[in-house]
Amino acid sequence: MHITPNFYFFTTYPSIMARYEMYSETYGEYCFRLQNDNDQAIVKSWIYDSIESCEKDIHRLQELSQDLNNYEIENTENGKCVFFINDENKEALVISQEYVSKYECENAITSTVEAALSGEIVECV
């Protein structure tokens, strides 16, 4: 299910403080998450084999997150919603946390657009 970009052009939200946390999942494997100012993970990445690859995809995410056509909402098996931000090949770069409704998921997407640009990169490895 793709979202309709026009929904977001008529809504304004307060400025969001965010950060990208790069961390080691296991030895030699790295991930990142975009955290909001309440320390909640907005999105999480897949696993990378190097910290450099991880950081490279953070920069890609900053760009890809600004195009609402790259977002995709899906229903989970337990009736909740998640969103993905897809890359140029339409493959998911990150996945969001679960949301109770599509409306909450759409609001999180709106926040992600701003947070993705404003987030500083922090190594937690």
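The model is predicted, so local features need pLDDT of at least 70 and side-chain atom pairs count only at pLDDT 80 or more, while totals for chains, interfaces and linings use all residues. Residues are numbered from 1 along each chain as its sequence is written, and side-chain values use heavy atoms, with hydrogens and water left out.

Strands of a sheet pair through backbone hydrogen bonds, either parallel or antiparallel. Here an open sheet of 7 strands has the order 4-5-6-3-2-1-7, with mixed pairing. Strands (E, at least two residues) and helices (H or I, at least four) are DSSP runs numbered from the N terminus, and two strands pair if DSSP finds at least two bridges between them. Strand 4 (71-75) and strand 7 (120-123) are the edges, each pairing on one side only. Strand 2 (residues 29-36) and strand 3 (residues 41-45) run antiparallel and are joined by 3 bridges; L34 has V43 in strand 3 as its bridge partner.

Helix 2 (residues 102-118) packs on the sheet, and the strands it touches include strand 1 (18-26) and strand 5 (81-86). Contact means heavy atoms within 4.5 Å. The direction of helix 2 makes about 35 degrees with that of strand 5; axes are lines fitted to C-alpha atoms, for helices over the stretch in contact, and angles run from 0 to 180 degrees between N-to-C directions.

A search of the whole structure finds 0 disulfides, a disulfide being a pair of cysteine sulfur atoms within 2.5 Å. For C105, the nearest cysteine sulfur is that of C81, 5.3 Å away.
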